[in-house]
Amino acid sequence: MGVQNNTPRASPRRKSTTLQHLFDLDSKTETGINGKKIGTTNIGCSSSNLENEEILSSISFCTFVFTFTDPSECATQQELKRNKLLQLLSVVKSSKKPLHDQVMSSLISMISLNLFRPLPPPSNPSSAAEFPDDEDHISTFSPLWSHLQLVYDILIRLVINTDPKLLRGYIDNQFLVNLLALFQSEDPRERDSLKNVYHRIYSRFTFSRSFMRKSMNDVFLHYVFETERHCGIRELLEIWGSIINGFTVPLKEEHKLFLMRVLIPFHKTKGMQAYHRQLAYCVSQFVQKEPVLGGIVVRGILRYWPVTNCQKEVLLIGELEELVENIDPDQYRKLALPLCLQITRCLNSWNSQVAERALYVWNNEQFVKMISVAMEEVFPVVVEGMEKNLKWHWSKSVRQLTENVKVMLEEMDPVLHSKCLEEIELRESKAHQAEIKRKEKWDRIEMAAAQHHNQHQFLQPPHFLCVSH
């Protein structure tokens with residue numbers, strides 16, 4: 001019984017000692033010399049290291065680039081790489097703290113290996129500008145896109161989530177140049193992703209903006225004045241439209257030079273139809289910010305006016321009409337005559353689309369207001385153009401529109417309109433008289449020539465009297 005009575009008492013003591021021992025061990029592992037916890041940190045470090053090793057392993061696997069055209073490539077491996085890329089994208093999206101330097105360096109290297117590749121030769125060796133309205137001629141879908149799309153997603157998420165100062169050492173000027181070169185890709189999906197990435201980098205990397213603008217300018221100048229062949233002009237102009245929208249007033253001299261030396265000459269290229277909407281937006285942004293630039297833009301467009309490209313004429317007429325609404329009214333008098341001369345040439349065009357588009361300009365109140373400032377100079381030109389259309393144009397719809405504009409002109413200034421008609425009749429009468437005199441003169445010359453020919457034949461001896469030696 002004594003033994004039995006001692007056993008229950010001994011058991012709690014052993015249990016208490018064991019618990020105390022465990023508490024002491026836990027205290028030793030969690031508390032350092034200065035009272036700081038170190039056990040949790042060690043566990044966290046080991047967990048973080050393990051996670052980094054897994055990420056580095058996935059990155060290493062993704063550095064291998066599949067061509068998707070080599071029959072020896074394994075479809076399973078291709079799908080495995082896609083899954084690895086999805087994992088990396090998830091890591092970059094969910095990361096609450098900056099990635100480890102080694103992970104960041106490896107990730108940027110992997111992105112570079114996948115993106116910065118030799119592009120295939122153009123599917124159409126001639127200029128893409130020859131087929132401006134058919135996207136199929138300049139769009140070739142890359143077989144690599146299932147991987148490239150995820151790489152671009154990783155890059156843009158990296159740019160969004162990471163402090164630009166930390167990325168500065170990885171995304172340098174050479175990286176940006178290589179990225180810009182990819183805009184030559186014929187795959188519109190890749191160009192759209194590039195546009196988003198490049199624009200996002202521009203917005204966050206304020207220290208690289210000047211270099212990025214200069215690099216894009218070099219691409220534009222090379223296109224306009226040398227090759228006229230580039231697949232990504234539309235996307236680059238979209239980026240520039242956003243950049244210009246953020247310019248402060250007054251505009252810097254650098255930005256004005258970009259307008260005059262790059263954007264305005266863009267109007268002379270063959271492929272302008274493919275990116276005219278983006279180009280017109282960029283130009284209009286400048287004029288809205290500083291209306292005094294409107295005169296430079298209008299004269300520049302008139303200087304590069306096409307001679308035989310009717311589609312470009314229609315687009316440029318529309319652009320001029322939009323510009324008139326933002327031009328400084330003080331420039332109306334200077335621009336009214338050159339602008340009306342070109343519009344009148346267009347409404348006299350034998351192409352009905354060009355003629356109709358030019359006639360519709362007269363529905364614009366600002367255009368009519370500009371004309372009213374310089375009535376004495378403009379009316380003779382416009383009225384003569386209207387009369388030519390009514391007499392000679394083949395299109396019934398053009399003649400009807402011309403008649404409507406003529407009525408409007410008569411209402412604007414009946415006296416001046418009548419005076420212009422009288423001057424036209426007088427010029428036509430003089431021209432008719434000059435034509436009659438010219439015809440009479442030619443008749444006299446032909447008659448004199450005929451008489452001289454007959455006299456020459458009469459004086460010449462008959463053939464049978466000629467003596468042969």
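Author: The account below takes the salt bridges, then the aromatic contacts, then the cysteines, and ends with the surface and the backbone.

This is a predicted model, in which local features need pLDDT of at least 70 and side-chain atom pairs count only at pLDDT 80 or more, while totals for chains, interfaces and linings use all residues. Residues are numbered from 1 along each chain as its sequence is written, and side-chain values use heavy atoms, with hydrogens and water left out.

The whole structure holds 14 salt bridges, a salt bridge being a side-chain nitrogen of Lys or Arg within 4 Å of a carboxyl oxygen of Asp or Glu. One of them joins Glu-190 to Arg-117, with the closest N and O atoms 2.8 Å apart. This pair links distant parts of the chain, 73 residues apart: Glu-190 belongs to helix 8 (residues 188-204), whereas Arg-117 is in the loop between helix 4 and helix 5. Helices (H or I, at least four residues) and strands (E, at least two) are DSSP runs, numbered from the N terminus. Glu-190 and Arg-117 are both buried, where buried means under 20% relative accessible area, exposed over 50%, and partly exposed in between (1.4 Å probe, protein chains only).

Asp-187 forms a salt bridge with Arg-189, the closest N and O atoms being 2.8 Å apart. Asp-187 is buried, at 1% relative accessible area, but Arg-189 is partly exposed, at 29%. A further salt bridge brings together Lys-406 and Glu-387, at 3.2 Å from N to O. Lys-406 is in helix 19 (residues 396-412) and Glu-387 in helix 18 (residues 375-392), so the contact ties together parts that are 19 residues apart in sequence. Both of these residues, Lys-406 and Glu-387, are buried.

The aromatic contacts come next. Rings of Phe, Tyr and Trp (its six-membered ring) pair if their centres lie within 6.5 Å; planes under 30 degrees apart count as stacked, over 60 as edge-to-face and the rest as tilted. By this rule there are 14 aromatic pairs. Phe-64 and Phe-66 make an edge-to-face pair, because their ring centres are 4.9 Å apart and their planes stand at 75°. Phe-66 is buried, with 7% relative accessible area. Phe-116 and Phe-175 are likewise an edge-to-face pair, at 5.0 Å centre to centre and 75° between the planes. Phe-116 is in the loop between helix 4 (101-115) and helix 5 (145-161), and Phe-175 is in helix 7 (residues 173-181), so this pair connects parts that are 59 residues apart in sequence. Phe-116 is partly exposed at 22%, while Phe-175 is buried at 3%.

One aromatic cluster is formed by Phe-220, Tyr-223, Trp-240, Phe-247, Phe-258, Phe-266, Tyr-275 and Phe-286. Charge and ring also meet: the charged end of Arg-168 sits over the ring of Phe-207, 4.2 Å from its centre. The criterion is that NZ of Lys or CZ of Arg is within 6 Å of the ring centre and within 35 degrees of the ring normal.

Turning to the cysteines, a search of the whole structure finds zero disulfides, a disulfide being a pair of cysteine sulfur atoms within 2.5 Å. The sulfur of Cys-346 has its closest cysteine sulfur in Cys-310, 9.4 Å away, which is too far for a bond. Cys-346 is buried, at 0% relative accessible area, and Cys-420 is buried at 3%.

At the surface, Trp-350 is exposed, at 55% relative accessibility. Trp-350 lies in the loop between helix 15 (332-347) and helix 16 (352-360).

Some backbone details complete the picture. The peptide bond from Val-249 to Pro-250 is cis, with omega near 5°, and Pro-250 lies in the loop between helix 10 (233-245) and helix 11. Glu-228, although not a glycine, has a positive phi of about 55°; Glu-228 is found in the loop between helix 9 (209-227) and helix 10 and is buried at 17%.
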